[in-house]
Amino acid sequence: MNERDLRVLEYDKILNRLSGFAVSPPGKEKCLALRPENRLEEVSRLLAMTEEADAARAQIGGSPMMYFTDVTGSLKICQAGGMLNMRSLLSVAELYKASRTMRSALVTSREDTPHLTELASRLTTHRELEEEIFNAILSEDEMADRASPELYDIRRHIRQINDRMKEKLSQMTRSPQLAKYLQDTIVTMRNGRYVVPVRAECHQDVPGLVHDQSASGQTLYIEPIALVEAGNDLKQWTAKENQEIERILRAFAEEIAPDADLFINNIRILAELDCVFAKAQMGREMQGVPPKINGEGRVNLIMARHPLIDPQAVVPISLWMGGEFRELVITGPNTGGKTVTLKTVGLLALMAQSGMAIPAAYGSEIAVYDAVYADIGDEQSIEQSLSTFSSHMTNIVSILKNATPQSLVLFDELGAGTDPTEGAALAMAILNRLLGEGVSVLATTHYAELKAFALSTRGVENASVEFDVETLRPTYRLSIGVPGKSNAFEISRKLGLPDDLIREAQQSLSKDQIRFEDVIANAEYHRQIAEKERQLAEQAHLETQRALDEAERVRRETEQKKEEYLRKAREEAKRYLQKAQRDAESIIAELKKSRKGDASLKEHELHNMRSQLQQALDDAKGQAVPAADQAEAPANLKIGETVALRGTETKGSVLTLPDSRGELTIQAGIMKMKVNVNQLVRVKEKQASRAPTRASASLSGREVRLECDVRGMTLEEAITQVDLFLDGAALQGLKNVQIIHGKGTGVLRSGIQNYLKRCPRVKEYRLGHYGEGEDGVTVVTLK
């Protein structure tokens with residue numbers, strides 16, 4: 001691709017924007033150096049990698065890229081046997097960490113990122129060395145005490161010496177004998193030695209070494225003689241510290257050296273991955289889509305937008321070519337959007353061939369070109385004595401030499417800048433030559449001759465940009481198949497040019513020119529009417545579809561509410577039935593115990609009682625669970641008839657008949673309530689009278705005791721028995737009862753006590769005292 005053409009199409013601005021999404025400096029450099037590919041297979045790979053990066057971002061929750069710098073120089077120093085400073089080592093460790101993080105994020109069992117996984121699998125990692133460097137080096141100029149045992153011991157000695165010297169100096173500055181000679185009772189350092197500020201005239205009274213003096217010469221900084229030996233020791237240990245730090249830094253460099261080439265390669269891989277994830281993020285920001293690509297010169301852009309224009313202001317265009325025609329001639333007034341259309345097509349082609357998503361609708365397709373040539377703008381040069389026409393013709397000559405059937409050529413105002421007749425003739429010849437060579441061409445013009453050329457030439461098509469004459473504003477909409485009109489007379493009239501001048505100008509036109517422009521105007525008028533009718537029809541269709549969607553949503557919500565209502569009703573019925581089942585099982589268990597003392601009570605009688613209880617439960621179930629298909633309200637209700645509230649076990653008798661709105665009054669226990677007939681179900685008299693009788697008979701014979709023995713039961717069985725036992729005790733008004741669970745493993749005791757904590761009938765509980773069963777019994781006090 002020619003750098004001039006890239007600049008004209010503002011590809012460099014796209015790269016600057018792309019680099020802003022990169023995380024690392026090498027990634028930014030990779031983005032800025034990006035150039036479009038011209039091989040179909042490579043473009044497919046680049047677009048696939050961008051799609052994979054977008055999928056990975058969605059799954060991970062962001063880019064897995066971490067900040068790193070280009071440490072190639074530092075790695076080569078290690079290879080040469082050199083030593084790195086702490087800042088350089090931290091930068092190498094950052095590279096190690098970025099490599100490890102990227103590899104762990106992409107080299108997984110996922111199957112939707114094959115290209116990224118393959119690329120990340122080439123990354124080398126060294127987690128042990130990475131952690132050693134981060135643990136040893138705290139900042140660019142500070143190494144941790146634990147970097148080595150020797151460094152820890154050296155710094156321990158340094159701290160001890162410093163503490164002794166500070167304590168000695170503190171004593172000296174507080175001493176009246178020395179304080180009177182001091183300029184100030186402070187301790188400072190000069191040249192790495194502890195000193196005190198002594199008045200210059202008193203320096204002979206403070207024995208020691210003078211290390212510095214103030215600017216005025218009135219203060220001397222003296223190291224007291226008593227601290228000289230300790231200061232020398234501090235110097236020696238400090239030197240040892242520096243030697244040990246240097247030894248550690250050299251050891252790290254030696255560990256880095258063997259894998260230096262591998263990590264130099266990591267920098268290249270990470271920069272490429274950083275660029276790929278930057279493409280994915282930029283595509284998200286501009287709401288771009290990955291285009292379909294082909295090598296046959298087909299273009300089908302749907303609602304395409306120029307990526308450098310404000311998304312709130314840009315007008316999308318739809319454009320296609322490469323099928324029945326390979327050349328598109330765009331006409332229309334100035335500032336109507338012709339040049340923007342050229343730049344949009346050219347720039348989106350460059351972006352797609354660089355592996356970027358394009359701002360267009362899904363389904364958009366674009367060809368892969370070996371080059372995109374653009375003759376756009378005025379590049380006249382005074383130094384080279386080139387006029388506007390000459391500069392354009394220089395570019396066109398170069399394009400004619402280099403363009404191939406796989407190229408895209410963009411001409412802005414083809415043939416302009418010279419005599420209109422000659423310019424139009426040259427433009428037609430250029431278009432005809434490129435058409436014969438099979439080159440894809442987009443050209444803008446004002447020449448009527450080119451409009452006629454497009455109408456009469458196979459493989460060439462007209463297009464136009466709309467202009468609202470009433471408001472003197474372009475609409476920026478592109479229409480393919482209809483030539484545009486410059487509207488010079490209408491615009492001049494709106495701007496105030498006298499009508500007589502406009503009529504005189506119109507008389508200068510030939511009859512054929514006037515007829516041709518009238519045909520264009522008439523075609524454009526009817527096209528706009530058809531477009532408005534199409535938009536109205538589409539709007540009506542969308543409104544109808546929204547109404548259908550809303551109706552479907554309401555229907556689904558109604559169905560969901562119905563299902564939820566039935567589900568709750570069934571759950572409530574199930575709870576009642578389970579409670580009744582527990583009561584029934586408890587009665588049978590008591591009867592079995594009674595059977596031991598009553599030989600006349602046979603086993604088959606127990607089975608009969610269980611069957612009768614189950615039948616009663618089945619009858620109750622039939623009444624408790626509402627039928628899903630029972631949607632009709634009970635008809636012909638009579639006063640006194642038994643009904644139930646739909647979805648509940650609440651029953652009542654009818655007091656009044658339904659009125660015109662379907663409302664009536666029923667008596668439910670001591671309460672009278674007004675309900676709608678749709679909320680009721682009819683209860684059969686046989687079922688209504690039989691189930692309660694059986695329930696009362698079954699429960700009336702229960703014996704209330706002061707203790708409940710659950711030894712030998714599972715925890716679930718024991719809790720069921722305790723629940724029934726406490727129910728009966730509460731009904732009889734008992735205050736203190738006992739639960740015998742035995743000592744054993746303690747499972748029953750802890751499980752029952754956990755249940756008692758949540759039981760609303762229990763006031764308090766405790767383990768039995770001596771003589772009550774101790775840990776094998778829990779004594780419960782009821783509310």
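In which hand does helix 8 pass helix 11? I looked, and the crossing is left-handed (the near helix is turned anticlockwise from the far one by less than a right angle; clockwise would be right-handed).

**Ground rules.** I'm working on a predicted model, where local features need pLDDT of at least 70, side-chain atom pairs count only at pLDDT 80 or more, and totals for chains, interfaces and linings use all residues. Numbering starts from 1 along each chain as its sequence is written, and side-chain values use heavy atoms, with hydrogens and water left out.

**Helix 8 and helix 11.** I took helices as DSSP runs of H or I with at least four residues and strands as E runs with at least two, numbered from the N terminus. Helix 8 covers residues 127-136 and helix 11 covers residues 225-256; their axes come within 11 Å and cross at roughly 160 degrees. The axes are lines fitted to C-alpha atoms over the stretch in contact, with angles from 0 to 180 degrees between N-to-C directions. That angle makes helix 8 roughly antiparallel to helix 11 (over 145 degrees; under 35 is roughly parallel, 65 to 115 roughly perpendicular, the rest oblique).

Next I listed who touches whom, with contact meaning heavy atoms within 4.5 Å. Helix 8 brings L129, E132, I133 and A136, while helix 11 brings F252, E255 and I256. I sorted these into five nonpolar, no polar and two charged (Ala, Val, Leu, Ile, Met, Phe, Trp, Tyr, Cys and Pro are nonpolar; Asp, Glu, Lys and Arg charged; the others, Gly among them, polar).

**Whole chain.** I noted 23 helices and 25 strands. Of the 783 residues, 42% count as buried (under 20% relative accessible area; exposed is over 50%, partly exposed in between, 1.4 Å probe, protein chains only). Among contacts between residues at least 6 apart in sequence, 67% join residues at least 24 apart.

**Q353.** I found Q353 in helix 13 (residues 338-353). Q353 counts as buried, at 1% relative accessibility. R39 is 314 residues away in sequence, yet its C-alpha lies 8.6 Å from that of Q353. Leaving out residues up to four places away in sequence, Q353 touches M1, P36, E37, N38, V43, L46, A367, V368 and Y369.

**Positive phi.** E10 has phi near 65 degrees, a positive value in a non-glycine residue. I placed E10 in the loop between helix 1 (3-8) and helix 2 (11-19), and E10 is buried at 17% relative accessible area. N636 also has a positive phi, near 55 degrees. N636 sits in the loop between helix 20 (603-624) and strand 17 (642-645) and counts as exposed at 71% relative accessibility.
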